[in-house]
Amino acid sequence: MGSRAVPVGGEGVKTASTRVIERATKIAAHLLEADEADIEVADGQFSVRGTPSKSVPWADVAWKSFQPLELPPDLEPGCLDATVFQQVPNFSFPCGAYCCVVEIDRGTGGVTIRSMHLVDDCGTVINPLLAEGQVHGGVAQGIAQALFESMEYDEHGLPRTATLVDYLVPAAPDLPSYTSGRVVTPTPNNTLGAKGIGESGSVGAPPAVVNAVVDALSHLGVRHVDMPVTPFKVWKLLQEAR
Amino acid sequence: MSTMNVTITVNGTETSHQVESRLLLVHYLREVLRLTGTHVGCDTSSCGACTVLLDGQAVKSCTVLAAQARGCSVTTIEGLSAPGDPFTPVQEGFRQEHGLQCGFCTPGMIMASTALLADNPDPGEDEIRRSLEGNLCRCTGYEMIVRAVRWAAEHAAGLAEEVAG
């Protein structure tokens, strides 16, 4: 299923919220003595279309929802409560393209990322700031996999990278600044049109980074480097090419 | 078990307790004073989640004995702004720029950034990244943390005026 908090959970939130709004609108129409079809929901309140002075805030509607004598006959007290059980019909298929420029130190084999450009399509974006944060975090983990992180074991099978002293999690100076863009193609598989985004970065970044390194070394006949691309591995490739 | 009396000013209030001599400052803060905003991430002074200010300097409180902080002034995340009060520029910057994902490293990041800005009120991106080298974040990719610190640098004066006014 991939990253599914919004495609699955968000869809549930939308369905449940829609049910709550429908019932709250009925209560508001009853309180305002108006037709349900004429009620508008905006800015935290329910108002009668064309008569903005006739309105009732959410808090009042919620309070009345517990009072049987204030409700229209077809609603039960406590009705602003919705529980949804659902399955989404299919996966979501986010896609994207990442571009990475690296610089290699001939003396040490160290790889520095000079720039990193990220374009993702996660369909409908609910919160652009949170979506960008998810991409950045995934990209950081992807770069870490490409360049730094590895569980290493000795000949007896004992882990040699069991703490943060030995296992290299990148810190702020180890990672670049990112530029990011977005393409929006809503998915037909949920009514939000939202696709997963949490794992896009960690899927896109490793091939972008490793291919940039391979490209930089291609004039030496290098066609492949195993992750993580450590300075030692690059340095050896440079030595062998001499 | 050897014990000793320690007196430490924490967030402006003098505290005094009889504690085990080997007690770490972070455990004094979390377990004796119940100030659990300071986190323990790694216990090996690698991750910086436990960063607090000790006489104004950022330290990893998992690597300081409570006894070493005797007579000192400690500021934790709880000491930056009281509940209901306006945030400090750094706190507000982390909110405005979404300088977090899960939030576990955030108290340490905010304390380290606070110390940085006290030293250098207008740091560039590279300076911010180097200054936060001792604080690990697993989920943000650091970009928005850097933006949060820049936000704080750019709004420090304005926010201070708002608080004063």
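Select Thr140(B) to begin: Thr140(B) touches Gly133(A), His136(A), Gly137(A), Gly99(B), Leu100(B), Gln101(B) and Ile145(B), leaving aside residues up to four places away in sequence. Touching, or contact, means heavy atoms within 4.5 Å.

This is a predicted model, where local features need pLDDT of at least 70, side-chain atom pairs count only at pLDDT 80 or more, and totals for chains, interfaces and linings use all residues. Residues are numbered from 1 along each chain as its sequence is written, chains are lettered from A and ligands numbered from 1 in the order written, and side-chain values use heavy atoms, without hydrogens and water.

**Stay on Thr140(B).** Thr140(B) sits in the loop between α4 (125–131) and α5 of chain B. Helices (H or I, at least four residues) and strands (E, at least two) are DSSP runs, numbered from the N terminus. Is Thr140(B) buried or exposed? Thr140(B) counts as buried, at 3% relative accessibility. Buried means under 20% relative accessible area, exposed over 50%, and partly exposed in between (1.4 Å probe, protein chains only).

**Show both chains.** Here 23 residues of chain A are in contact with 21 residues of chain B. The area buried between them is about 1,800 Å², and carbon and sulfur atoms give 58% of that. Buried area is the accessible area (1.4 Å probe) that two parts lose on being put together, summed over both.

**Select Arg147(B) and Glu132(A).** Their side chains meet in a salt bridge, 3.1 Å from N to O. The rule asks for a side-chain nitrogen of Lys or Arg within 4 Å of a carboxyl oxygen of Asp or Glu. It finds 2 salt bridges across this interface. Next, colour α3(A): this helix gives the most to the side of chain A that touches chain B, with 10 residues.

**Move to Val149(B).** Val149(B) is in helix α5 (residues 143–164) of chain B. Val149(B) is buried, with a relative accessible area of 0%. Its contacts, beyond four places in sequence, are Phe94(B), Ser113(B), Leu116(B), Leu117(B), Ile128(B) and Leu132(B).

**Finish on α4(A).** Select residues 200–217 of chain A. Buried residues here include Ser200(A), Ala208(A) and Leu217(A). The buried residues of α4(A) pack against β4 (95–104), β5 (111–121), α3 (128–147) and α5 (231–240) of chain A.

How values were computed: The expected span of a helix is 1.5 Å times one less than its number of residues.
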